[in-house]
Amino acid sequence: MSKLRDPKVILSAEEMPTQWYNIMADMPNLPAPGINPGTLEPLGPEALQAIFPMELIKQEVTQERFVEIPDEVQELYRLWRPAPLMRAYRLEKALDTPAKIFYKYEGTNPTGSHKLNTSIPQAYYNKQAGIKRLATETGAGQWGSALSLACSFFGLECMVYMVKVSYHQKPYRRSFMELFGAQVAASPSNLTEAGRRALEEDPDSLGSLGLAISEAVEDAASRDDTNYALGSVLNHVILHQTVIGLESKKQLEKVDEYPDVVIGCCGGGSNFSGISFPFLADKFGGRKIRAVAVEPAACPTLTKGVFAYDFGDTAKLTPILKMYTLGHDFMPPGIHAGGLRYHGASPLVSQLYHDGTIETVAYTQNEVFEAAVTFARTEGIVPAPESAHAVKGAFAEALAAKEAGEERTILFSLSGHGYFDFASYDAYLGGKLEDIAYSSASVQESLKKLPSIK
Ligand SMILES: *Cc1c(COP(=O)(O)O)cnc(C)c1O
């Protein structure tokens with residue numbers, strides 16, 4: 001036996017999960033039902049059928065513990081899955097911590113983030129339902145890239161509304177989507193009612209995810225051949241992302257490990273849920289384990305928002321969901337982690353936070369980038385700015401373990417790479433990143449506009 005340490009935990013294709021895990025089978029309180037924005041009555045499946053295929057609507061509400069992953073989806077997953085699970089030996093040494101740090105790296109696929117785990121099944125179910133075209137929004141460009149590639153695999157057209165601040169910050173993300181055949185518009189655009197209205201109010205609007213969602217939903221609702229696809233927040237998206245945690249669990253079993261704490265960054269909540277929910281299944285069964293969602297201090301949905309019914313978008317076209325929110329027209333500052341600039345959070349994550357099952361923490365961008373650079377220099381991977389929040393969360397746990405002089409096994413989700421994000425790294429290295437505080441006044445203003453639902 002070699003005495004050399006190997007940081008990779010190997011899993012074969014045969015050992016990959018064949019089912020997704022549905023936390024709704026196990027959580028003590030289900031999320032409150034969605035509300036139809038038109039009638040203010042509970043949302044029926046009919047309302048969703050204008051923009052989603054039936055299989056995804058079923059997955060949105062099912063309480064079955066496991067859902068089969070279709071063979072075609074499993075085969076496409078095999079293009080890059082199982083994703084690497086790594087022991088961060090060099091990072092542990094740099095932090096001089098007694099903690100063991102593992103990370104699940106979702107950046108090895110062609111689009112560079114975990115989002116391909118859900119764009120593939122979403123394109124698959126839409127194709128099965130006879131849909132020809134998908135419309136979506138993208139914040140930083142990772143979701144748009146993932147959907148573009150999935151649409152290209154299944155021969156679907158793809159229309160992407162890209163938040164304007166990212167469209168200009170990350171031009172190569174646009175090229176990437178176009179290479180895979182997608183049409184990309186900077187949002188707010190003049191292609192939709194919602195976009196035109198926003199441009200009238202503020203021609204220099206930087207855009208927001210909430211606004212781009214309005215554009216994509218309007219596009220999808222106005223065309224019979226087109227459905228809408230969302231890259232986070234919804235139950236079916238989170239269901240698909242549980243492959244991350246299911247694989248991680250099997251990988252950790254191989255090395256006789258089980259995490260004390262599981263960490264993910266949280267924008268809409270999908271990668272955090274993906275890595276943590278299969279472990280929370282054990283927590284509901286009595287096992288001791290913590291899950292920590294990390295968000296940016298500039299857009300602190302969970303740590304500073306309210307738990308209330310709100311719209312998912314600026315133009316109030318989406319179903320009204322019970323979630324932590326900063327208000328649907330809250331315009332987050334243009335921080336570099338574009339994928340975390342969302343006013344709301346997944347109803348599943350929100351409910352679990354409300355019930356005290358999970359924990360949250362927020363960090364400012366300079367401390368996040370500082371952690372990312374240390375991670376890059378020790379582990380050799382440049383994290384996406386979003387993922388860097390989870391890196392910072394793992395640092396905090398590792399240092400807390402050191403201070404307490406105790407062992408701790410940490411698992412975090414490295415949700416994507418940052419190779420399209422060098423403008424942000426340049427800004428950080430050049431000392432030009434500002435720690436923009438969130439404005440509690442503008443949140444208060446935005447919260448006045450919450451819909452009143454009994
Ligand atoms: C989109 C994205 C996120 C944030 O979305 P979640 O749904 O909260 O996971 C985080 N990391 C990366 C790399 C992303 O692309």
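Biologist: What should I know about the model before I look at its features?

Modeller: This is a predicted model, in which local features need pLDDT of at least 70 and side-chain atom pairs count only at pLDDT 80 or more, while totals for chains, interfaces and linings use all residues. Residues are numbered from 1 along each chain as its sequence is written, and side-chain values use heavy atoms, with hydrogens and water left out.

Biologist: What is a cavity, and how many of 30 Å³ or more does the structure hold?

Modeller: On a 1 Å grid over the protein atoms alone, a cavity is a set of points where a 1.4 Å probe fits but cannot get out, and lining residues have an atom within 4 Å of a point. The points are joined across faces, edges and corners, and a volume is the space filled by probe spheres set on them.

Biologist: Which residues lie nearest the centre of the largest cavity, and which elements line it?

Modeller: Its lining has 32 residues, of which Lys115, Gly231, Ser232, Gly268 and Gly339 lie nearest the centre. For the elements, helices (H or I, at least four residues) and strands (E, at least two) are DSSP runs, numbered from the N terminus. Two or more lining residues come from each of β6 (133-138), α6 (142-154), α10 (209-221), α12 (270-284) and α16 (385-404), and α12 gives the most, with three residues.

Biologist: How do the residues of that lining divide by class?

Modeller: Ala, Val, Leu, Ile, Met, Phe, Trp, Tyr, Cys and Pro count as nonpolar, Asp, Glu, Lys and Arg as charged, and the others, Gly among them, as polar. The lining of the largest cavity then has twelve nonpolar, 17 polar and three charged residues. Domain 1 (70-112 + 236-447) and domain 2 (114-235) each give at least three residues to this lining, with domain bounds that come from an automatic or database domain assignment.

Biologist: Which residues line the second largest cavity?

Modeller: That cavity has about 90 Å³ of space and 16 lining residues, with Pro296, Ile335, Thr364, Gln365 and His389 nearest its centre. Among its lining elements are α15 (365-379) and α16, each of which gives two or more residues, and α15 gives the most, with three.

Biologist: What is a pocket, and what volume does the largest pocket have?

Modeller: A pocket is an open set of grid points with protein on both sides within 12 Å along at least five of seven lines. The largest pocket has a volume of about 640 Å³, and of its 34 lining residues, Gly34, Leu43, Glu60, Asn235 and Leu321 are the closest to its centre. The largest share of this lining, six residues, comes from α2 (54-61), and by class the lining has 25 nonpolar, seven polar and two charged residues.

Biologist: Where does the second largest pocket lie?

Modeller: Domain 1 and domain 2 both give residues to its lining, so the second largest pocket lies between them. It has about 290 Å³ of space, and its 14 lining residues include Ala198, Glu201, Leu211, Thr314 and Met331, the closest to its centre. Helix α9 (residues 193-201) supplies the largest share, four residues.

Biologist: Which peptide bonds are cis, and which residue other than glycine has a positive phi?

Modeller: Most residues other than glycine have a negative phi, and most peptide bonds are trans. Here the bond from Arg81 to Pro82 is cis, with omega near -5 degrees, and Pro82 is in the loop between α3 (71-77) and β4 (85-87). The bond from Ser187 to Pro188 is also cis, with omega near 5 degrees, and Pro188 lies in the loop between β8 (183-187) and α9. Val233 has a positive phi, near 65 degrees, and lies in the loop between β9 (226-228) and α11.
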